Amino acid sequence: MTKILASVVISTLILVSATAPAAAEGDVALGQKAFQRCSACHSTTDQKKAGPGLGGVVGRAAGSVEGVRYSAAMKASGLVWDEATLDRFLAAPREVVSTTTMTVGVPKPEDRLNIIAYLKSLSE
């Protein structure tokens, strides 16, 4: 009985480790679909709406797009939009920058991963 249990555990670990890298990268097509909720305030180009355009956002300093009205805290945050920072900000914007004008978060981790994958694809 112990050998069977050990085999099941090992098989499960192998399966999880084989699929984890793909899941960690996000899905661009699903990200584009999930981004629709963001498109009321953000474009995927340099077009400014209520928020900045997000084309090329990965690697960009927060609060740095000319002509966008940012909170003072966002301008002074010193953040650079990498995957980890985007994930934290999308999860809870006001926990990252307390006075940001962005109030809507993306609660599901898989949606955030996919949106980030989509945003990254806009810079490639």
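Predicted model: local features only at pLDDT ≥ 70, side-chain atom pairs only at ≥ 80, totals over all residues.
Me: What elements make up the chain, in order from the N terminus on?
Reply: The chain holds six helices and zero strands. Read from the N terminus on, the order of the elements is therefore α-α-α-α-α-α.

Me: What percentage of the residues in the chain is buried?
Reply: A residue counts as buried when its relative accessible area is under 20%. With that cut-off applied to the 124 residues of the chain, the buried share comes to 30%.

Me: Among contacts between residues at least 6 apart in sequence, what percentage joins residues at least 24 apart?
Reply: A contact here needs heavy atoms within 4.5 Å. Among such contacts in the chain between residues at least 6 apart in sequence, the share that joins residues at least 24 apart is 38%.

Me: Is H42 buried or exposed?
Reply: H42 is placed in the loop between α2 and α3. Its relative accessible area is 14%, and because the cut-off for burial is under 20%, H42 counts as buried.

Me: At what distance does the side chain of S43 reach the backbone oxygen of Q47?
Reply: S43 is found in the loop between α2 and α3, and at 6% relative accessibility S43 counts as buried. Beyond four places in sequence, S43 is in contact with F35, K49, P52, G53, L54 and G55. The side chain of S43 also reaches the backbone oxygen of Q47, and the distance is 2.7 Å.

Me: Why does C41 count as partly exposed?
Reply: C41 lies in the loop between α2 (28-34) and α3 (72-76), where C41 touches K49, A50 and G51 when residues up to four places away in sequence are not counted. The partly exposed class lies between the limit for buried, under 20%, and the limit for exposed, over 50%. C41 falls in that class because its relative accessibility is 37%.

Me: How far apart in space are C41 and M102, C-alpha to C-alpha?
Reply: Along the sequence, C41 and M102 are 61 residues apart. In space, C-alpha to C-alpha, the separation of C41 and M102 is 9.2 Å.

Me: Is the ring pair of F35 and Y118 stacked, edge-to-face or tilted?
Reply: A search of the whole structure finds two aromatic pairs. In the pair of F35 and Y118, the ring centres are 5.6 Å apart and the planes stand at 55 degrees. Planes under 30 degrees apart would count as stacked and those over 60 as edge-to-face, so the pair of F35 and Y118 is tilted.

Me: Which helix holds Y118, the partner of F35 in a pair that links distant parts of the chain?
Reply: Both F35 and Y118 are buried. F35 is in the loop between α2 and α3, and 83 residues separate F35 from Y118, which belongs to helix α6 (residues 109-121).

Me: Which helix supplies the largest share of the lining of the largest pocket?
Reply: The largest pocket holds about 620 Å³ of space, and 31 residues line it, with H42, G51, P52, F89 and M102 nearest its centre. Both α4 (83-91) and α6 supply at least two lining residues each. The largest share, three residues, comes from α4.

Me: How many charged residues does the lining of the largest pocket have?
Reply: Sorted by class, the lining has 20 nonpolar and eight polar residues. The number of charged residues in this lining is three.

Me: Which residues does V57 touch, not counting residues up to four places away in sequence?
Reply: V57 lies in the loop between α2 and α3 and is buried, with a relative accessible area of 3%. Not counting residues up to four places away in sequence, V57 touches W81, L119 and S123.

Me: Is E66 buried or exposed?
Reply: E66 also has its place in the loop between α2 and α3, and the C-alpha atoms of E66 and P52 are 9.0 Å apart in space. The relative accessible area of E66 is 67%, and since a residue over 50% is classed as exposed, E66 is exposed.

Methods: Residues numbered from 1 in each chain as written. Heavy atoms only, no water. Helix = DSSP H or I, 4+ residues; strand = E, 2+ residues; numbered from the N terminus. Buried < 20%, exposed > 50% of the residue type's maximum accessible area, 1.4 Å probe, protein only. Polar contact = N/O pair within 3.5 Å; in protein donor to acceptor, adjacent residues only side chain to side chain. Phe/Tyr/Trp six-rings, centres within 6.5 Å; stacked < 30°, edge-to-face > 60°. 1 Å grid on protein atoms, 1.4 Å probe; cavity = no way out; pocket = protein on both sides within 12 Å on 5 of 7 lines; lining within 4 Å. Points joined across faces, edges and corners; volume = space filled by probe spheres on them. Nonpolar A, V, L, I, M, F, W, Y, C, P; charged D, E, K, R; others polar.
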